[in-house]
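The sequence and the model are shown first.

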Amino acid sequence: MASRIPSRYLALVLAPAGRDAVVAQALLKEAGIDMARCVDLADFQQALNDDICMTVVTEEALRSSDLRGIAAHVAGQPPWSDLPFIVLTQRGGGPERNPAAGRLAEILGNVTFLERPFHPTTFVSVARTALKGRQRQYDARAWIEELHEGEERLQTALAAGRLGSWELDMETGVLTTSPACKAVFGRAPEASFTYAELVASIHSDDRPAMEAAVRVTVETGSDYAIEYRSIWPDGSVHWAEIHARLVKDIGTRRSRMVGVSADITERKVGEDRLRRLNETLEERVAERTAELKQAHDAVLAQVDQRECAEEQLRQAQKMEMIGQLTGGVAHDFNNLLMAVLGNLDLLRPRVAADPDAARLIDIASQGAQRGAALTQRLLAFARRQDLQVQPRDMVALVSGMRDLLARSVGSRIELRLDLPSRIAPALMDANQVELALLNLAVNARDAMPDGGPVTIRVDRAEMPPGRDLEPGSYIRLIVRDGGHGMDAATLKKATDPFFTTKEVGKGTGLGLSMIHGLAIQLKGTLRLYSEVGRGTSAELWLPVADGACEAAEEAVPAPAMARPSTPVTPRTILVVDDDVLISMTTVMMIGDLGHRVLEANSGAKALQILGSDEVIDLLVTDYSMPRMTGAELAKSARKLRPGLPILLATGYAELPPGAGIDLPRLAKPYQQEQLRVELAKLLGP
């Protein structure tokens with residue numbers, strides 16, 4: 001309450017004469033009151049508010065003035081406020097001798113007239129008296145606000161506790177109820193609910209106890225507390241809990257019961273259920289034990305699922321990280337192999353007369369090509385190898401590999417092919433799928449050191465929605481062996497890169513990871529099923545080619561292009577690569593083919609050359625270069641020379657998303673003959 005009383009008291013003073021204002025300020029200060037002087041009546045009216053403790057006004061300041069604004073403020077004061085006005089008069093004193101003062105008394109209300117000249121003590125006494133009255137008003141304001149806040153807190157508590165309030169006048173029998181109280185008895189907030197209706201709604205078995213409890217409270221003044229059943233208008237039975245106290249008004253001595261009500265139907269239903277459960281304690285304990293066991297099993301299952309999900313997430317993150325690392329390593333390794341293979345190609349004609357040197361070059365080339373094959377596996381695992389995806393007949397592909405598969409698995413293995421006569425084509429890169437099938441067959445052979453059957457089956461399967469693959473039709477390539485199999489832990493890691501169950505030196509650990517990466521890149525999947533002692537089944541799922549014919553013809557490989565004996569027309573070719581070894585090798589290979597070569601080690605340098613008057617017939621550029629990629633260079637080059645042919649040579653097989661350009665590509669590492677063929681395609685004979 002104290003916080004609502006002003007920390008300082010401020011009086012408004014309206015006195016045209018400066019001397020009156022100075023005197024008033026001094027005397028108010030003596031009374032412990034601060035002063036705010038107003039320059040005119042409008043300023044005075046503007047400054048009036050509930051925190052002003054009093055006003056001191058000279059009569060002449062109000063004489064013949066429009067006081068409607070002040071009168072409106074006085075009339076609009078809150079009930080607790082009655083602002084004191086001290087009017088300093090010059091003649092006649094109060095209203096009995098001064099009619100003008102009487103007019104002011106009617107307008108201002110709480111007015112004290114003080115005739116000038118006055119003794120300072122008189123003014124201080126009048127001011128202090130007015131201040132005490134104003135302090136009592138402030139106390140009343142604080143009490144009113146506290147009562148209002150208490151009422152709000154009470155209503156909040158009632159609402160939070162879902163309690164309804166009510167009041168019954170014991171003399172008139174008038175019942176006043178809140179909407180929440182009406183709801184306890186099934187009535188709408190706007191519905192009528194008299195005391196007679198209340199009594200009539202009580203269950204006939206409980207009504208006598210309710211009426212007796214009311215009589216006891218009225219006669220003895222004891223608190224009223226009872227629980228009874230009530231019949232709602234819809235006929236349903238509900239329980240109500242009532243608490244009340246008898247209150248007598250101090251002035252009128254009239255009695256009334258004031259209380260709260262609550263719907264305790266749920267509690268009563270629960271108590272009744274508990275009572276019935278207690279009657280069958282043994283059965284309840286058994287049921288509860290079963291529920292707890294079921295809940296415990298559910299929690300354990302959720303924990304297992306979460307641990308499985310976390311492990312899958314960690315595995316996916318690990319695979320993604322290894323894939324990025326592997327792809328980068330493969331790209332750099334391709335650049336190194338490019339330098340090796342290119343220079344070996346350039347060196348071979350120069351030592352043709354020396355058989356030993358030529359044989360050494362062949363051996364080195366074979367080693368470098370094996371390294372290139374290894375990078376293809378790494379790129380397959382990283383899902384970055386260049387795929388030539390076309391609709392192909394899986395049955396024809398497997399049939400065409402029968403002899404190769406038989407020679408690869410050896411005579412101790414019985415090769416069984418389970419192939420349909422016709423089947424829909426699948427979207428695949430035939431060369432990569434052939435490598436994958438050969439890899440699976442060799443794995444099956446190694447799983448059976450004593451020999452046995454290996455079955456290769458091709459069929460069509462449907463994938464319903466909600467699985468790990470897009471719904472639709474798929475062609476399955478299944479390789480099944482009867483070998484020693486794998487346990488769950490080994491099977492879980494089978495597609496991890498560099499994981500192998502073979503002896504040291506007999507496996508790279510990249511076979512299954514490469515096949516898994518290939519399947520994902522072809523929008524399919526690789527599924528492994530294995531059991532110790534019962535063999536392993538590997539299933540490669542590839543999507544059916546939409547809109548293709550029922551049985552695609554096997555693609556006929558294009559004949560290898562031999563290097564022509566006739567000389568080519570010399571052209572000017574611009575080579576761009578930030579790697580010095582690759583750039584030098586490419587320049588020498590193209591020069592050896594009879595062309596004039598310009599060299600640039602950055603995109604900016606290449607654009608400088610393209611912007612000159614130099615004749616350029618073809619641009620050969622690397623993709624991955626600092627500050628400007630090959631794709632960005634190609635776009636800028638096309639702006640300078642719109643018809644310029646461009647060949648993109650890169651160790652990455654796929655351009656990243658957003659490259660925004662489609663160019664002929666030559667995958668690193670490449671040999672001179674491959675380079676010659678691509679140049680011939682773009683430049684012509």
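## Overall make-up

The structure is a predicted model. The protein has 685 residues, and 41% of them count as buried. Its secondary structure comprises 21 helices and 22 strands. Among contacts with a separation of 6 or more, 69% are between residues 24 or more positions apart.

## The parallel sheet

In general, strands of a sheet pair through backbone hydrogen bonds, in either a parallel or an antiparallel manner.

| Strand pair | Bridges | Sense |
|---|---|---|
| β18 and β20 | 4 bridges | parallel |
| β20 and β21 | 4 bridges | parallel |
| β21 and β22 | 3 bridges | parallel |
| β9 and β10 | 9 bridges | antiparallel |

Individual residue pairs locate these pairings in the model. Leu574 has Leu619 of β20 as its bridge partner. Val620 stands opposite Leu647 in β21, and Thr650 is opposite Ala667 in β22.

Is strand β20 enclosed or left open by the rest of the structure? In β20, 5 of the 5 residues are buried, so the strand is largely enclosed by the rest of the structure. In a regular strand, side chains alternate between the two faces of the sheet. Both faces of β20 are covered: Leu618, Val620 and Asp622 are buried on one side, and Leu619 and Thr621 are buried on the other.

## Helix α20

Helix α20 spans residues 630-640, and its buried residues are Gly630, Ala631, Leu633, Ala634 and Ala637. Viewed down the axis of α20, these buried residues fall within an arc of 155°, so they line one face of the helix. What do the buried residues of α20 pack against? Their partners are β18 (572-576), α19 (603-610), β20 (618-622) and β21 (646-650).

## The antiparallel sheet

A further open sheet has 5 strands in the order β7-β6-β10-β9-β8, with antiparallel pairing. Here β7 (175-177) and β8 (224-231) stand at the edges with a single partner strand each, so one side of each is left without a neighbour in the sheet. From one strand to the next, the twist averages 25°.

Within this sheet, β9 covers residues 237-248 and β10 covers residues 255-263. Ile242 has Ser261 of β10 as its bridge partner. Helix α9 (residues 207-220) packs on the sheet and touches β8, β9 and β10, with its direction making about 155° with that of β8. Helix α10 (residues 265-279) lies across β8, β9 and β10 and runs at about 125° to β9.

Thr217 is found in helix α9. Is Thr217 buried or exposed? Thr217 is buried, because its relative accessible area is 1%, under the 20% cut-off for that class. Leaving aside neighbours within four places in sequence, Thr217 is in contact with Ser222, Asp223, Tyr224, Leu246 and Met257.

## Helices α14 and α15

Two packed helices are described by the angle between their axes and the distance between the axes. Helix α14 (residues 402-409) and helix α15 (residues 430-446) pack at an angle of about 30°, and their axes are 9 Å apart. The crossing of α14 and α15 is right-handed.

Which residues make the contact? From α14 come Leu404, Leu405, Ser408 and Val409, and from α15 come Leu437, Leu438, Ala441 and Arg445. The residues of this contact divide into 6 nonpolar, 1 polar and 1 charged.

Technical notes. Residues numbered from 1 in each chain as written. Predicted model: local features only at pLDDT ≥ 70, side-chain atom pairs only at ≥ 80, totals over all residues. Heavy atoms only, no water. Buried < 20%, exposed > 50% of the residue type's maximum accessible area, 1.4 Å probe, protein only. Helix = DSSP H or I, 4+ residues; strand = E, 2+ residues; numbered from the N terminus. Arc of directions from axis to C-beta. Contact = heavy atoms within 4.5 Å. Pairing = 2+ DSSP bridges. Axes fitted to C-alpha atoms, helices over the stretch in contact; angles between N-to-C directions. Left-handed = near helix turned anticlockwise from the far one by under 90°. Nonpolar A, V, L, I, M, F, W, Y, C, P; charged D, E, K, R; others polar.
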